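Work through the exercises below with the sequence and the 3D view side by side. Try each task before you read its solution.

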Amino acid sequence: VQLQASGGGLVQAGGSLRLSCAASGRTFSSYILGWFRQAPGKEREFVTAITRSGGSTWYEDSVKGPFTISRDGAKNTVYLQMNSLKPEDTAVYYCAGGGVYGTRSYEYDYWGQGTQVTVSS
């Protein structure tokens, strides 16, 4: 499966952004989909993931509440709605797809190219 992330940008603290990740290729519904982020000088970290059906989701503790992951099977797209953004949310955000749920990068087989999110104070 090929993943294409979009929707990043520059936003003021307290603002919102919605990231999208469009999938093509193999069956979209076959994969657990997640979002990771990588800030400058830091390792890539797990943000959130959603099951194949969309029935279950997981979040890293710091984004619980302000961030919401969802998926639209008809559009082969996974979304990340980010509200109440903080400067510490600044990072390159990557969508990823895999066969099993996990919070480690190596547990995901497919990756999008990343989209930059910058939150100004």
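**Exercise 1. The cysteine pair**

Are Cys21 and Cys95 buried or exposed? Find out, then describe the bond between them.

Solution. Start with the ground rules. The model is predicted, so local features need pLDDT of at least 70, side-chain atom pairs count only at pLDDT 80 or more, and totals for chains, interfaces and linings use all residues. Residues are numbered from 1 along each chain as its sequence is written, and side-chain values use heavy atoms, with hydrogens and water left out.

Step 1. Check the surface. Buried means under 20% relative accessible area, exposed means over 50%, and partly exposed lies in between (1.4 Å probe, protein chains only). Both Cys21 and Cys95 are buried.

Step 2. Check the bond. A disulfide is a pair of cysteine sulfur atoms within 2.5 Å. Cys21 and Cys95 are joined by one, with S to S at 2.1 Å. The count for the structure is one disulfide.

Step 3. Strands (E, at least two residues) are DSSP runs, numbered from the N terminus. Cys21 is in strand β3 (residues 17–24) and Cys95 in strand β9 (residues 91–98). The two are 74 residues apart, so the pair links distant parts of the chain.

Step 4. Find the hand. The torsion about the S-S bond of Cys21 and Cys95 is about 60 degrees, so this disulfide is right-handed.

**Exercise 2. The salt bridges of Arg37**

Which side chains meet Arg37 in salt bridges?

Solution. Side chains of opposite charge can pair when their charged atoms come close.

Step 1. Set the cut-off. A salt bridge is a side-chain nitrogen of Lys or Arg within 4 Å of a carboxyl oxygen of Asp or Glu. The structure holds three salt bridges.

Step 2. List the partners. Arg37 meets Glu45 at 2.6 Å, N to O. Arg37 also meets Asp89, at 2.9 Å, N to O.

Step 3. Locate the second pair. Asp89 lies in the loop between β8 (77–82) and β9, and Arg37 in strand β4 (residues 32–38), so the pair ties together parts that are 52 residues apart in sequence.

Step 4. Arg37 is buried, with a relative accessible area of 6%. Asp89 is buried, at 6% relative accessibility. Glu45 is partly exposed, at 34%.

Step 5. Join the pieces. Shared partners connect Arg37, Glu45 and Asp89 into one network.

Step 6. Turn to Asp61 and Lys64. They form a salt bridge with their closest N and O atoms 3.2 Å apart. Asp61 is exposed, with a relative accessible area of 59%.

**Exercise 3. The rings**

How many aromatic pairs does a search of the whole structure find? Classify the pair of Tyr108 and Trp111.

Solution. 

Step 1. Apply the rule. Rings of Phe, Tyr and Trp (its six-membered ring) pair if their centres lie within 6.5 Å; planes under 30 degrees apart count as stacked, over 60 as edge-to-face and the rest as tilted. The search finds eight aromatic pairs.

Step 2. Classify. The ring centres of Tyr108 and Trp111 are 6.4 Å apart and the planes stand at 65 degrees, so the pair is edge-to-face. Tyr108 is buried, at 4% relative accessible area. Trp111 is partly exposed, at 27%.

Step 3. Find the cluster. Ring pairs link Phe36, Phe46, Trp58, Tyr94, Tyr101, Tyr108 and Trp111.

Step 4. Look for charges. A charge sits over a ring if NZ of Lys or CZ of Arg is within 6 Å of the ring centre and within 35 degrees of the ring normal. Arg44 lies over the face of Tyr94, 3.7 Å from the ring centre. The charged end of Arg44 also sits over the ring of Trp111, at 4.8 Å from its centre.

Methods: Helix = DSSP H or I, 4+ residues; strand = E, 2+ residues; numbered from the N terminus.
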